[in-house]
Amino acid sequence: MGKAISMDSTLSSPKSQKMGWAQSSYPPHFRQPNYPNPRVDQDDSLQPITDSDPLPLIDLQQLIPEKLGEACRDWGLFRLVNHGIPLTLLNQLQDQANKLFSLPFESKQALFTNPMSYFWGTPALTPSGTAVAESAQSINWVEGFNVPLTQLPQLQGEDPISDSFRCVLEEYGRHMSRLARSVFAALAMNLGLDPTLSESYLSESTGIIRVYRYPYCSEASRTCGMEAHTDSSVLAVLNQDNVGGLQVFKDDEWFDIKPVADTLIVNLGDMMQAMSNDELKSVKHRVKVNRFEERVSICYFVFPMEDGVIRSSKYKPFTYKEFRAQVQEDIKASGFKVGLERFKLSNSSISIGWGIHIQAPAASFTGGLVGNSSPFVVLPQVTPLITFMMVLLAMFPCLVKAWREPRPGMITRWVAYAYTCGFFFGWHVHEKASLHFLIPLAIVAVHNLEDARHYFLLSIVSCYSLLHLLFEAKEYPIKVLLVTWLGFSAPFSKIASVQAAEKRENAVLHLILFNSV
Ligand SMILES: O=C(O)CCC(=O)C(=O)O
Ligand SMILES: [Fe+2]
């Protein structure tokens with residue numbers, strides 16, 4: 001990389017940003033030339049923890065899995081204290097971020113290239129770091145740098161700003177991995193997760209750091225720094241400056257997550273929720289913008305292995321790669337992330353083991369328990385179009401014959417045949433539909449022994465297929481009678497057909513004799 005960045009001397013101080021002199025460092029969309037200078041009399045120091053802070057507090061030096069689990073079940077996020085990151089490093093990181101953001105807009109675009117990137121207006125990025133093009137574009141009042149930690153060495157070069165940024169991030173990244181590992185291990189223990197899965201469920205090599213700046217905005221009440229969302233990661237660790245603006249949604253209310261000195265915010269993402277079978281929450285959160293001050297935050301995200309399968313009793317097995325692709329598809333199509341809902345098994349889904357889930361069809365008034373589609377476990381799903389083609393194909397010989405030699409006397413027979421095809425191959429055909437072909441067949445059976453034979457066979461099939469509809473105890477005798485009658489009548493039908501065959505043979509013999517005489 002190593003590009004030398006020329007900096008305007010008035011832009012070199014982060015403080016100059018807060019005084020509103022540095023509009024040229026903002027993406028053009030965020031520049032507000034006529035807006036009065038932001039207030040400069042803000043107290044820059046972070047506040048200590050107070051009793052009024054409702055957030056659960058977790059001490060990393062004394063990590064108690066039960067306490068951690070409770071915080072994550074209840075809030076899906078917590079404030080982390082005693083995290084072991086030196087205060088000097090945290091301050092250096094904030095300083096470096098401020099310096100980087102105060103570079104002219106064009107320089108920032110040039111400085112970070114694939115797979116690192118500079119972005120603005122949306123936090124939704126593709127794996128290569130470019131913004132996902134949303135169909136319904138809603139601008140988020142934010143700019144940022146996306147840095148996959150494994151790519152950090154790429155920032156090494158002669159440019160002093162990006163180089164010092166790299167050094168600080170490398171050290172910070174190591175702390176983040178350590179933190180994520182400890183928190184995940186404690187949560188996994190609390191959930192009773194299989195320890196052999198840990199490696200694929202939390203892959204430290206996937207760690208990325210996002211550094212955000214939320215410019216001040218005259219229309220703060222109508223502008224979103226970052227719209228409400230859940231994170232796709234396993235865990236996220238947020239490090240915010242003293243401005244504030246982060247909010248979480250809990251019990252139908254938005255709570256301010258106040259900046260507190262020397263603490264970090266850890267929040268759970270969608271992957272953690274799936275792994276925990278929805279026991280833990282991927283918390284919904286958003287960022288508000290400030291009318292007078294810009295805000296800087298540094299967020300670390302860690303994900304599962306791309307191709308590792310996540311198994312859960314609440315979701316279909318999926319890989320993080322599939323999840324990410326689905327999120328991007330949804331954002332492109334509708335502007336919104338649908339997230340875990342896309343992979344959810346419905347309440348009527350039954351797990352039969354070996355990772356196989358069957359969607360149990362719901363009973364409906366018209367469809368009965370059969371429903372419109374009972375999914376197969378192994379076979380491909382049959383669609384109405386396929387069944388339509390099958391019915392047409394089965395009817396084809398009959399249709400061709402009827403077309404070539406139209407015989408009105410045969411119409412009942414053909415109707416019976418067409419219904420039989422529909423019964424065998426049609427879409428959502430109930431057993432009772434066998435009456436469709438049995439009734440016309442009964443009519444033609446009176447005149448033709450061949451048809452009578454077909455009628456006899458099909459009426460047995462039809463009667464047997466209807467037996468399960470007689471499920472009440474008092475209907476049992478009817479079942480027995482039906483089966484007995486069918487069983488006894490079979491030999492008679494055989495005798496009748498033999499007699500008929502004999503008659504036919506005699507008739508042919510007579511005919512032959514008569515002709516020969
Ligand atoms: O800037 C923040 O405090 C939060 C950022 C965030 O929620 C995200 O990047 O997903
Ligand atoms: Fe987030």
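Predicted model: local features only at pLDDT ≥ 70, side-chain atom pairs only at ≥ 80, totals over all residues.
His285 is buried, with a relative accessible area of 5%; buried means under 20% relative accessible area, exposed over 50% and partly exposed in between, using a 1.4 Å probe and the protein chains only. Residues are numbered from 1 along each chain as its sequence is written, chains are lettered from A and ligands numbered from 1 in the order in which they are written, and side-chain values use heavy atoms, with hydrogens and water left out.

- Asp231 sits in the loop between E6 and strand E7 (235–240), and His285 sits in strand E11 (residues 285–288), so the pair ties together parts that are 54 residues apart in sequence.
- Asp231 is buried as well, with a relative accessible area of 6%.

**The chain as a whole**

- The chain has 13 helices and 16 strands; helices (H or I, at least four residues) and strands (E, at least two) are DSSP runs, numbered from the N terminus.
- Of its 517 residues, 44% count as buried.
- Among contacts between residues at least 6 apart in sequence, 71% join residues at least 24 apart, where contact means heavy atoms within 4.5 Å.
- The accessible surface of the chain comes to about 27,700 Å², and 61% of that belongs to carbon and sulfur atoms; such areas come from the Shrake-Rupley method with a 1.4 Å probe, and for residues only the protein chains shown count as cover.

**The eight-stranded sheet**

- Eight strands form an open sheet in the order E1-E2-E10-E7-E12-E5-E4-E3, with mixed pairing; two strands pair if DSSP finds at least two bridges between them.
- Strand E1 (57–59) and strand E3 (117–120) stand at the edges with a single partner strand each, so one side of each is left without a neighbour in the sheet.
- From one strand to the next, the twist averages 25°; axes are lines fitted to C-alpha atoms, for helices over the stretch in contact, and angles run from 0 to 180 degrees between N-to-C directions.
- Helix H3 (residues 87–101) lies across strand E4 (143–148), E5, E7 and E12, and runs at about 110° to E12.
- Helix H5 (residues 160–191) also packs on the sheet, and its direction makes about 135° with that of E7.

**A closer look at strand E12**

- Strand E12 (residues 295–303) is mostly covered, with nine of its nine residues buried.
- Arg295, Ser297, Cys299, Phe301 and Phe303 point one way from E12, whereas Val296, Ile298, Tyr300 and Val302 point the other way.
- Strand E5 (residues 203–214) runs antiparallel to E12, and eight bridges join the two.
- Val211 has Ile298 in E12 as its bridge partner, and Arg213 has Val296.
- Six bridges join E7 to E12, again antiparallel, and Leu235 has Val302 in E12 as its bridge partner.

**The four-stranded sheet**

- Another open sheet holds four strands in the order E6-E11-E8-E9, with antiparallel pairing.
- Its edge strands are strand E6 (224–229) and strand E9 (253–256), each pairing on one side only.
- Four bridges join strand E8 (residues 246–250) to E9, and Gln247 has Asp256 in E9 as its bridge partner.

**Loops, a helix and cysteines**

- Most residues other than glycine have a negative phi.
- Asp262 has a phi near 55°, a positive value, and is found in the loop between E9 and strand E10 (264–268).
- Asp278 has a phi near 70°, also positive, and lies in the loop between helix H7 (270–275) and E11.
- In helix H11 (residues 435–445), the buried residues include Phe437, Leu438 and Pro440, and their cover includes helix H10 (411–425) and helix H12 (449–466).
- The count of disulfides, meaning pairs of cysteine sulfur atoms within 2.5 Å, comes to zero.
- Cys72 counts as buried at 0% relative accessibility, and Cys217 counts as buried at 1%.
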